[in-house]
Amino acid sequence: MKILLNLIGAIAVVLGVLGIFLPLLPTTPFLLLASACFARGSTRLHNWLITNPMFGRYLRNYELGYGIPLRAKVWILLLMWLSLGYSAYVVHRTGLQIMLFCIGCGVTLYLCRYVPTMRLPVPEQDGAPPP
């Protein structure tokens, strides 16, 4: 099972890094998936991911319960809805357009309701309890 989790985590990291450069491929969900898989599959890989200089801080803040910054939430929602809107415009099938709209609403609801918004400066200590 650990091998499968590590494999899924590695694929998620690759897709997340590709998402930095490809506009319609999301970065954050893949990195969160990778973090969750590595946390259960390999302590070494999980530590590598959460100490990564590029995105480790965001993953640590999320895992510690601090959430994500308001600016990041706004950008995520804006880019997601632009991508979904463009996709719905290009696809001329009502069923697919409805499905895209429902996915967008679900992600928006989850992000706004269940993911905390970071409001205060986060202490740099690892393992610090959330405010």
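This is a short chat about a predicted model.

Colleague: What are the ground rules here?
Modeller: The model is predicted, so local features need pLDDT of at least 70 and side-chain atom pairs count only at pLDDT 80 or more, while totals for chains, interfaces and linings use all residues. Residues are numbered from 1 along each chain as its sequence is written, and side-chain values use heavy atoms, without hydrogens and water.

Colleague: Which residues make the nonpolar surface patch?
Modeller: Val14, Val17, Leu18, Ile20, Phe21, Leu22 and Met54. The patch is about 670 Å².

Colleague: Where is Ile20 found?
Modeller: In helix 1, residues 2–21. Helices are DSSP runs of H or I, at least four residues; strands are E, at least two; both are numbered from the N terminus.

Colleague: Why does Ile20 count as partly exposed?
Modeller: Because its relative accessibility is 39%. Buried means under 20% relative accessible area, exposed over 50%, partly exposed in between (1.4 Å probe, protein chains only).

Colleague: Is Cys105 buried or partly exposed?
Modeller: Partly exposed, because its relative accessibility is 32%. Cys102 is partly exposed too, at 47%.

Colleague: And helix 4, which residues are buried?
Modeller: Gly56, Leu59, Arg60 and Asn61, in a helix of residues 56–63. Their cover includes helix 2 (28–41), helix 3 (43–50) and strand 2 (117–118).

Colleague: What follows helix 4?
Modeller: Gly65, with a positive phi near 90°.

Note on methods: Patches are made of residues with over 30% relative accessible area and no salt bridge: like charges are joined within 9 Å, nonpolar side chains (Val, Leu, Ile, Met, Phe, Trp, Tyr) within 5 Å. Accessible areas come from the Shrake-Rupley method with a 1.4 Å probe; for residues, only the protein chains shown count as cover. A salt bridge is a side-chain nitrogen of Lys or Arg within 4 Å of a carboxyl oxygen of Asp or Glu. Contact means heavy atoms within 4.5 Å.
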